[in-house]
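User: I am new to this structure and would like to know what the terms used for it rest on. Please take me through a few of them.

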Amino acid sequence: MTTASAQAGSGDAELELILDAIGPRLRRLRRDRGLTLDALAATTGISVSTLSRVESGVRRPTLDLLIPLARAHRVALDQLVAAPASGDPRVHLRPLRKERGSVLVPLTQYPGRVRVFKQVLAPREPELVTHEGYEWLYVLAGRLRLVLGERDVTLRPGEVAEFDTTEPHWFGPADANAVEILHLFGPRGDQAVVRAGPSTPAAPPPS
């Protein structure tokens, strides 16, 4: 066998392994998120039978199937296709530059029930949004302004906020400087074990 033929054979075998791993990865991701095949079919428009065949490996996934699945699971397409490096537990961080100078760094290599991000938020105008889910924000540096419905609070380093994202909300720098936070996002109903809120001045000792 020539070198070129050997390389082609090796590439084909590697491709087969990658494709074979997509179905189990999709099944694990769906179950981790607590979704049934019926619920995922309703979200993606892909039939239950097709989803089942892809997850079991009977049908090879194509882009027209993977793109809506990645969107439904809120993951990047390469997270569905490429397996993490074998034997290396380190997460290879890939900062994503967002609009208006903000930076998002995914800290979880494979999404489970809760996803974790490190964010550097640049100053921006408040714009309330709502969506399904539950969020926790931990301030690392700077001052974070959180608008939650009628409430407007400022958090400092070491302080935490948590809230249901179906309530109108917005968060960003409390002043003209960027703020650095840890941002945890999970399905609605998930809750953190430790709860904390913005600090309040200590009550004076009794006279």
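Terms and what they rest on

Analyst: By class, the lining of the second largest cavity has three nonpolar, two polar and three charged residues, where Ala, Val, Leu, Ile, Met, Phe, Trp, Tyr, Cys and Pro count as nonpolar, Asp, Glu, Lys and Arg as charged, and the others, Gly among them, as polar. This is a predicted model, in which local features need pLDDT of at least 70 and side-chain atom pairs count only at pLDDT 80 or more, while totals for chains, interfaces and linings use all residues. Residues are numbered from 1 along each chain as its sequence is written, and side-chain values use heavy atoms, with hydrogens and water left out.

User: Which residues line the second largest cavity?

Analyst: The lining consists of Leu 19, Asp 20, Gly 23, Val 54, Gly 57, Arg 59, Arg 60 and Pro 61. Lining residues have an atom within 4 Å of a point of the cavity, which is a set of points on a 1 Å grid over the protein atoms alone where a 1.4 Å probe fits but cannot get out.

User: What makes β5 and β8 a pair?

Analyst: Two strands pair if DSSP finds at least two bridges between them, and five bridges join strand β5 (residues 144-148) to β8, therefore they count as paired, in the antiparallel sense. One of the contacts sets Arg 145 against its bridge partner Gly 172 in β8. A strand here is a DSSP run (E, at least two residues).

User: Why do β6 and β8 stand at the edges?

Analyst: The open sheet has the order β6-β5-β8, and β6 (151-155) and β8 (169-173) each have a single partner strand, so one side of each is left without a neighbour in the sheet.

Methods. On a 1 Å grid over the protein atoms alone, a cavity is a set of points where a 1.4 Å probe fits but cannot get out, and a pocket is an open set with protein on both sides within 12 Å along at least five of seven lines; lining residues have an atom within 4 Å of a point. Helices (H or I, at least four residues) and strands (E, at least two) are DSSP runs, numbered from the N terminus.
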